[in-house]
Amino acid sequence: MTVDGSWQRAARGAGLLGDDGSIAPTIFAEMSALAVQTGAINLGQGFPDEDGPAAVLDAAVAAIRGGGNQYPPGIGIPDLRLAVAEHQQRFYGLAVDPDREVLITAGATEALAATLLALLEPGDEVVTFEPFYDAYGALIALAGGVHRTVPLRLPGFQPDLDELRSAVTDRTRVILVNTPHNPTGTVLSTDVLQAVVELAERHDAYIVTDEVYEHLTFGPRHVPIATLEDARERTITISSGGKTFNTTGWKIGWVTAPTDLITAILTVKQFLTYVNGAPFQPAIATGLRLGDEYFAGIAAELGRKKDLLSSGLASAGFDVFASDGTYFVVADAAPLGYDDAVTFCRELPLLAGVVAVPLSAFCTGAYAASTASLVRFAYCKRVEVLERAAAQLAVLGRTS
Ligand SMILES: *Cc1c(COP(=O)(O)O)cnc(C)c1O
């Protein structure tokens with residue numbers, strides 16, 4: 001019996017479906033398997049190798065012990081919704097109604113899925129920048145949408161505004177923005193965000209913004225699109241506790257948006273997961289209320305790790321692009337004699353005992369061809385792990 005259906009749309013959207021209809025494993029799965037096989041240091045997947053703040057972990061344990069183990073309300077527990085609203089006010093001056101403008105989700109991923117499923121009619125276009133977080137292509141396809149991309153231009157990974165203007169049309173239903181940006185580590189400039197708002201207004205599109213790295217920037221503070229003039233009414237802001245509190249396995253995310261949009265997204269969300277993570281919801285509320293020194297501290301610490309890995313990569317002979325936030329830095333393997341990052345990443349565990357992923361995992365055809373020698377490295381690891389990785393990578397410079 002053949003199985004067809006939306007898995008094929010998702011696989012095609014994720015660039016996994018071969019011409020013969022077979023599905024290829026993701027490069028992430030291949031590289032993680034290589035890391036296990038070879039014992040290499042895994043700088044491929046973006047997850048921290050240390051626990052987050054004790055107060056957050058203790059709050060989860062207390063919630064489990066305290067009986068917080070049954071279905072929470074579909075929209076999320078009241079105290080977490082309140083903590084999200086307080087957080088938006090405290091960091092960005094955004095007044096959000098915790099009962100009508102906040103929805104708790106199973107990570108940012110479910111927030112993205114429910115939002116796209118709620119907003120898209122088959123054939124509606126979604127504009128994203130490229131490279132893009134790999135789930136976007138698959139989720140847009142699952143929702144029946146058509147994915148249009150605007151390239152981020154090297155070396156700064158900002159888009160050309162004329163290219164952005166020509167990609168957004170009356171067929172565009174959603175402009176999906178991610179800043180700070182995975183996989184490039186770029187922070188989109190205010191000019192770009194402003195252009196997104198103007199284009200969304202002109203073409204009556206929604207703005208969906210993925211801000212999961214909002215607290216992990218090393219330069220100017222993060223600017224949510226919803227704070228720009230006239231943006232708020234058409235903007236769906238998505239974030240999550242995973243990256244901010246080193247709890248990527250907890251999958252507690254949230255959406256803030258005008259009430260009618262929250263209602264539409266909740267309508268879909270209640271039939272995806274209904275709810276999740278009851279004892280983790282109060283724990284993330286505790287995290288969102290940590291003092292300013294916590295938020296400043298994680299950015300400063302991660303910034304030092306970024307510097308450590310970036311200089312290690314540069315010493316090894318890579319051309320290294322600036323990373324202004326997230327967990328990631330992009331480096332060019334061409335100076336080391338590699339034009340194809342896929343080949344390079346397959347050899348790297350054996351050459352240097354390090355695993356990374358080719359940027360092409362986040363791209364479609366044409367852009368992938370023009371960035372074929374670029375590699376993404378994760379620096380959200382303990383200092384001693386990054387020091388060891390940098391030392392091992394130094395052999396590349398010696399052999400080329
Ligand atoms: C990690 C990540 C997500 C997923 O967040 P979850 O809360 O784990 O679902 C979404 N978007 C980007 C850009 C990410 O890097």
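Student: In which loop is F157 found?

Tutor: In this predicted model, local features need pLDDT of at least 70, side-chain atom pairs count only at pLDDT 80 or more, and totals for chains, interfaces and linings use all residues. Residues are numbered from 1 along each chain as its sequence is written, and side-chain values use heavy atoms, with hydrogens and water left out. Elements are DSSP runs numbered from the N terminus: helices are H or I with at least four residues, and strands are E with at least two. F157 is found in the loop between β4 (146–153) and β5.

Student: Is F157 buried or exposed?

Tutor: The classes rest on relative accessible area, with buried under 20%, exposed over 50% and partly exposed in between (1.4 Å probe, protein chains only). F157 has a relative accessible area of 1%. By that criterion F157 is therefore buried.

Student: Which residues does F157 touch beyond four places in sequence?

Tutor: Contact means heavy atoms within 4.5 Å. With residues up to four places away in sequence not counted, F157 touches L152, T184, T186, L188, F321, V330, Y367 and L374.

Student: How far apart in space are F157 and G145, C-alpha to C-alpha?

Tutor: F157 and G145 are 12 residues apart in sequence. In space, C-alpha to C-alpha, the separation of F157 and G145 is 25 Å.

Student: With the side chain of which residue does the side chain of S323 make a polar contact?

Tutor: S323 lies in the loop between β10 (319–320) and β11 (328–332), and S323 is buried because its relative accessible area is 3%. Beyond its neighbours within four places in sequence, S323 is in contact with G185, F218, K306, F328, V329 and Y379. A polar contact is a pair of N or O atoms within 3.5 Å; within protein, one must be able to donate a hydrogen and the other to accept it, and residues adjacent in sequence count only if both atoms are side-chain atoms. The polar contact of the S323 side chain, at 2.8 Å, is with the side chain of Y379.

Student: Which residue of β6 is the bridge partner of E125?

Tutor: Strands β3 (residues 125–130) and β6 (residues 172–178) run parallel and are joined by four bridges. In β6, the bridge partner of E125 is T172.

Student: How many disulfides does the structure hold?

Tutor: A disulfide is a pair of cysteine sulfur atoms within 2.5 Å. For buried C380, the relative accessibility is 3%, and for buried C345 the relative accessible area is 0%. The number of disulfides in the structure is zero.

Student: How far from C345 is the nearest cysteine sulfur?

Tutor: C345 is in no disulfide. The nearest cysteine sulfur belongs to C363, at a distance of 12 Å.

Student: What is omega for the cis peptide bond that joins E130 and P131?

Tutor: P131 lies in the loop between β3 and α6 (134–142). For the cis bond joining E130 and P131, omega is about 5°.

Student: What is omega for the cis peptide bond from N182 to P183?

Tutor: P183 lies in the loop between β6 and α8 (190–202). The bond from N182 to P183 has omega near 15°.

Student: What is the positive phi of K251?

Tutor: K251 is placed in the loop between β8 and β9. K251 is partly exposed, with a relative accessible area of 36%. Although K251 is not a glycine, its phi is positive, at about 55°.

Student: What is the positive phi of Y274?

Tutor: Y274 is found in the loop between α9 (259–272) and α10 (280–288), and Y274 is partly exposed at 35% relative accessible area. Y274 is not a glycine, yet its phi is positive, at about 65°.

Methods: Pairing = 2+ DSSP bridges.
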